Amino acid sequence: MMMKIHFRKLANADEPLHIQETLDVSELVKGRKDILAVAPLSVDLKALPADTDCVNVVGKLNGNVDMLCARCLSEVNSKLNIPFAETFKWLKQPLLPEDEDEELIYIEDEIVDLVPFVEENFVLHLPDSVLCKADCLGLCQKCGQNLNEGTCSCDNTVIDPRLAALKGFFTKQDD
């Protein structure tokens, strides 16, 4: 898989370098129990020379991830459309702190492997949680019934914790 850019080659090229690849990102989501499956990421980037020894890489990353709804645990397919825009600067000599520009990514070698930057963008754009629908009712706290599919016979009256001690007060029967 070629996701590398060569500064010198690009500077002398007549047109931008197009990078179209697919990247397996399954390792990056291994620890996430809410992610059931992740499709390979479709990478569509364009690299073009910017200032001296700088290269702009722009494009988009597209993918699919199957996640569990945060409320009812049903499967939700999320489409990911992630913008990618980074500027790389090839450092030929050490950089002084006052010259540092936080908009740039500094590279020591003439060749940059884009894979770690693509992976980082993917991870940063993964949703923390998803809902199957905005008004998902979730699961019954007592019996586990999916409340989107029907009600259960549990008493799910929410009682203000400050008044919980009074709950049985009015329902007590006299002996």
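How far is the sulfur of Cys-69 from the closest cysteine sulfur, and in which residue does that sulfur lie? The sulfur of Cys-69 is 3.8 Å from that of Cys-72, which is too far for a bond.

## Basis of the model

This is a predicted model, in which local features need pLDDT of at least 70 and side-chain atom pairs count only at pLDDT 80 or more, whereas totals for chains, interfaces and linings use all residues. Residues are numbered from 1 along each chain as its sequence is written, and side-chain values use heavy atoms, with hydrogens and water left out.

## Cysteines

A disulfide is a covalent bond between the sulfur atoms of two cysteines. Here it is taken as a pair of cysteine sulfur atoms within 2.5 Å, and by this rule the count is 0. Cys-143 is likewise in no disulfide, the nearest cysteine sulfur being that of Cys-140 at 3.8 Å.

Cys-69 is buried at 1% relative accessibility, while Cys-143 is partly exposed at 45%. In these terms, buried means under 20% relative accessible area, exposed over 50%, and partly exposed in between, with a 1.4 Å probe and protein chains only.

## Salt bridges

The structure holds 3 salt bridges, each defined by a side-chain nitrogen of Lys or Arg within 4 Å of a carboxyl oxygen of Asp or Glu. In one of them, Glu-110 pairs with Arg-8, with the closest N and O atoms 3.4 Å apart. Glu-110 lies in the loop between strand S7 (104–107) and strand S8 (111–113) and Arg-8 in helix H1 (residues 7–11), so this pair ties together parts that are 102 residues apart in sequence. Glu-110 itself is partly exposed, at 21% relative accessible area. The helices (H or I, at least four residues) and strands (E, at least two) are DSSP runs, numbered from the N terminus.

Glu-27 forms a salt bridge with Lys-30, the closest N and O atoms being 2.8 Å apart; both residues are exposed. Arg-32 is bridged to Asp-34 with a closest N to O distance of 3.0 Å. Within this pair, Arg-32 is partly exposed at 25% relative accessibility, whereas Asp-34 is buried at 19%.

## Aromatic pairs

A search of the whole structure finds 2 aromatic pairs. Rings of Phe, Tyr and Trp (its six-membered ring) pair if their centres lie within 6.5 Å; planes under 30 degrees apart count as stacked, over 60 as edge-to-face and the rest as tilted.

Phe-7 and Trp-90 are stacked, at 5.9 Å centre to centre and 25 degrees between the planes. This pair links helix H1, which holds Phe-7, to strand S6 (residues 75–90), which holds Trp-90, across 83 residues. Phe-7 is buried at 5% relative accessibility, as is Trp-90 at 12%. Phe-88 and Phe-117 form an edge-to-face pair, with 4.9 Å between centres and 75 degrees between planes. Phe-88 belongs to strand S6 and Phe-117 to helix H2 (residues 115–125), 29 residues apart, and both are buried.

## Nonpolar core

A nonpolar core is a set of buried Ala, Val, Leu, Ile, Met, Phe, Trp, Tyr and Cys residues joined through side-chain atoms within 4.5 Å. The largest has 38 residues, and those with the most contacts inside it include Ile-5, Phe-88 and Phe-122. Among the elements that each supply at least two residues are H1, S6, S7 and H2; S6 gives the most, with 6 residues.

Leaving aside neighbours within four places in sequence, Phe-122 is in contact (heavy atoms within 4.5 Å) with residues including Val-25, Leu-28, Leu-61 and Ile-82.
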